Amino acid sequence: MHLWQLSVRNAARSPARSAMTVMAVAISLLAFVVLRTVSAGWTETVKQTPNNRVLVRHRMGWGRSMPSHYTQDVARVPGVNAVIGASWAGLSHPKNPRLRFEATALDAKPFVDTHDELLAPSARKADFVADRSGAMVSRELAEELGWREGQRLRFRSADSPTELELTLSCIFQSRRHGWARRQIFLHWAYFNERFVGPQRDRVNMIVASIAKPADGARIAREIDAHFVAHEDQTTSEEDRAVMAQLVARFGAILEALDVISVLILGVVLLILGNTLALGVRERVTEYATLRALGFAPAQILCSVLGEAATFGVLAGLLCLLVSYPLLELALARFLQEQASFPAIQLSADIAWVTVAIAALLSGLAAVVPALGIMKGDVVQGLRKVG
Amino acid sequence: MRLPLKYSARNLWARRNTTLATGAGVALVVFVCAASLMLVEGVRRTLLSSGSRGTAIVMQQSATAEVASSLRQGVFGLVASAPGIQQAADGGALLSSEAVRSVLVDTQDGSRTVSLQLRGVSSNVLELRPQVRVRAGRRAAPATDEAMIGVQLAGHYRGLALGGQIELNKGRKLQVVGVFEAAGTAFESEIWADLHSVQTTTESDGYISSVTARLSSADAFDAFASALEQGHQEEGLIVERESQYYERLSQGLSGMILVLGGMVCGIFSCGALLGAAIAMYAAVEQRTKEVGVLRALGFDRHEILLAFLIESAGISLVGSAIGLGLALSTPFIEFAVGNSAAYGIEVRLRFIPSLVILAACALAGLSIGVAGGLFPALRASRIDPVRALRA
């Protein structure tokens with residue numbers, strides 16, 4: 001019999017206890033995987049944000065507006081490919097003002113041309129660009145409200161008492177997880193017509209699409225420098241940097257998740273170590289016999305390590321088997337819809353890291369009990385009466 | 001005949017390493033559970049206590065938070081003439097128009113730049129919000145670029161301390177002359193300055209964010225709201241009870257914490273339960289002979305069952321105590337988070353312990369231990385004394 005066979009047989013010797021150990025460790029690792037996945041969801045939103053856009057806003061904040069002719073100045077900055085002016089449209093249901101929609105009025109042509117994260121048939125996208133009263137609506141919102149392409153939609157807009165009528169020309173999905181999940185996009189020119197006086201010809205944000213991502217910081221600086229002498233000053237930042245700041249708001253929560261993840265691993269270590277110690281204590285006489293037969297302490301150590309690794313790897317695999325359906329089918333949807341979490345997805349990285357951690361932890365857990373046997377006096381072990 | 005409690009206690013002590021290792025699982029559940037409930041309590045106390053049912057807040061219809069709302073100054077007059085507003089002692093109406101803006105500041109250690117809420121207030125703001133008291137320095141004088149900061153902010157951000165200053169726009173600075181406390185409400189995470197000064201420094205002359213009015217009674221709300229929402233449709237106003245407004249602001253944040261905490265606790269309590277079961281099954285196996293002796297001495301099944309249940313309850317009590325001890329150290333942790341419902345404006349939260357939370361979590365920990373120990377204890381109680389002694 002090989003030593004590894006002894007390890008596996010020892011692991012299977014008390015099947016109920018081993019099964020419970022594997023399950024306990026698997027469940028604990030599941031909590032770990034869920035936390036890591038949620039935490040990774042936040043960083044993922046930053047990673048998925050394109051790095052070839054610079055966002056320009058009023059220096060006093062996102063809620064303030066700038067003259068729409070700023071777009072032309074931004075377009076002249078070297079390195080800028082395309083420019084999109086955008087305003088927050090603030091649409092609500094005509095009958096129920098408390099039912100509000102996230103709506104952005106923007107320059108349709110450059111928007112559709114540059115935003116390749118918008119997934120929709122190109123004919124539908126062309127319809128949206130061609131129809132100045134057209135609207136693009138996210139699939140999630142359209143499905144929820146039963147809207148169909150071609151349908152006329154009526155809204156109330158915050159800034160004007162008359163209703164706004166739009167044609168739903170395109171239902172889109174987003175390639176970026178969670179981006180524009182419940183958005184309505186409409187033409188800025190059409191939206192702007194509603195205003196007279198100081199509210200006319202204003203935009204809340206200018207999106208500059210840039211040729212080289214590496215130029216982002218320089219372009220942002222040039223834009224702000226250009227408007228410094230103007231009445232409305234700007235703050236320009238790379239899209240990804242803006243997203244990173246959004247995520248940084250939850251920094252405290254993310255840190256808490258990290259701390260709890262580590263604590264979970266600590267407890268996994270204790271549970272595993274405890275089970276191994278129980279098994280080893282029951283087998284003191286056996287190990288002493290092996291030693292008396294001439295097995296080296298290192299070989300005994302290997303056998304305990306092997307037993308531990310069997311637990312660890314089984315638990316890691318079981319955990320993955322459960323976590324994939326749990327996360328994909330239930331938690332991801334629930335978290336995004338009910339608790340405004342970013343989109344989450346179990347990544348292959350986290351999966352492998354979890355199995356590796358399980359193996360590593362089981363090895364660590366075996367150290368204390370194994371050292372006990374190696375140091376143990378063979379004669380005392382053989383003399384021990386159960 | 002009763003088995004003495006000492007029997008169970010001594011057993012716990014005899015295998016103290018196992019007790020601790022198993023208790024750690026329970027401790028983690030109790031800690032996460034208590035800490036997240038304490039934080040949610042912090043969110044609720046901070047945000048919910050900020051609003052009162054008898055106070056109404058008027059905003060722009062499309063805005064979901066004050067900071068995103070923009071109203072003509074003239075709306076103040078409309079609100080003042082709406083029915084149901086409480087009269088102040090001096091005969092004036094108890095209402096205030098406020099301009100709420102977000103300002104970017106650096107944290108004291110320079111690691112992050114965050115948005116904080118700047119509120120431009122009228123001179124009667126302290127009558128409208130009697131919970132606000134100046135704690136250090138003095139009140140910001142009207143019609144100056146002076147500001148007061150909430151006590152939660154003091155010392156945590158650059159420039160936000162008594163005597164400090166923050167730059168808003170084109171060299172205009174606000175001088176911090178006072179620190180106020182507001183009974184633990186969200187106002188304590190705000191910067192307050194003169195209304196007109198906030199409007200001019202943020203280049204929004206003639207625009208306010210909201211009008212807050214104290215109503216003569218909580219029932220006066222409906223008439224007040226419909227007078228403004230229906231009576232002045234062209235303004236696009238929305239009226240909410242202040243309590244409802246803050247409830248809405250707190251929901252996302254407390255929901256997020258509850259969901260995260262709940263997930264960890266829910267999943268991990270199963271793990272801890274199995275951990276307790278493993279330890280107790282091992283104990284029963286090791287002591288089969290001993291149980292046989294006890295049975296032969298005349299202790300009956302129920303006594304054995306009880307003794308093992310008490311032992312596993314003991315494990316979870318040790319765990320709960322460690323978990324609660326850890327949780328009670330959280331109030332010393334700094335916790336500031338951006339509230340998505342308020343456009344990411346940072347609010348400083350405290351972990352607020354309460355007897356109910358601590359008791360509920362201890363109970364949860366205890367039930368994990370008892371549930372985990374139940375089947376092993378049943379097995380112990382079914383040990384046949386004759387066979388056990390012969391083995």
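Trainee: Before we start, which conventions apply to numbering and to the model?

Mentor: Residues are numbered from 1 along each chain as its sequence is written, and chains are lettered from A in the order in which they are written. The model is predicted, so local features need pLDDT of at least 70 and side-chain atom pairs count only at pLDDT 80 or more, while totals for chains, interfaces and linings use all residues; side-chain values use heavy atoms, without hydrogens and water.

Trainee: How many residues are in the largest nonpolar core?

Mentor: It has 121 residues. A nonpolar core is a set of buried Ala, Val, Leu, Ile, Met, Phe, Trp, Tyr and Cys residues joined through side-chain atoms within 4.5 Å; buried means under 20% relative accessible area, exposed over 50%, and partly exposed in between, with a 1.4 Å probe and protein chains only. Among the residues with the most contacts inside this core are Val38(A), Trp42(A), Trp192(B) and Phe335(B).

Trainee: Which helix gives the most to this core?

Mentor: Helix 7 of chain B, residues 242-286, with 19 residues. Helices are DSSP runs of H or I with at least four residues, strands are runs of E with at least two, and both are numbered from the N terminus.

Trainee: What is Val38(A) in contact with, leaving aside its neighbours within four places in sequence?

Mentor: Contact means heavy atoms within 4.5 Å. On that basis, Val38(A) is in contact with Leu257(A), Leu335(A), Phe341(A) and Ile344(A), and with Leu260(B) and Met263(B) from chain B. Apart from this core lies another, of 42 residues, including Val79(B) and Phe221(B).

Trainee: Changing topic: why is strand 12 of chain A largely enclosed?

Mentor: Six of the six residues of this strand, 205-210, are buried, so the rest of the structure largely encloses it. Met205(A), Val207(A) and Ser209(A) are buried on one side, and Ile206(A), Ala208(A) and Ile210(A) on the other.

Trainee: What joins strand 12 of chain A to strand 1 and strand 3 of chain A?

Mentor: Five bridges join strand 1 (residues 53-58) to strand 12, running antiparallel, and Leu55(A) stands opposite Val207(A). Six bridges join strand 3 (residues 80-88) to strand 12, also antiparallel, with Gly85(A) opposite Ile206(A). Strands pair if DSSP finds at least two bridges between them.

Trainee: Is Ala183(B) buried or exposed?

Mentor: Ala183(B) is exposed, with a relative accessible area of 62%. Its phi is near 55°, a positive value in a residue other than glycine.

Trainee: And Ala180(A), buried or exposed?

Mentor: Ala180(A) counts as buried, at 13% relative accessibility. Ala180(A) has a positive phi of about 50° although it is not a glycine.
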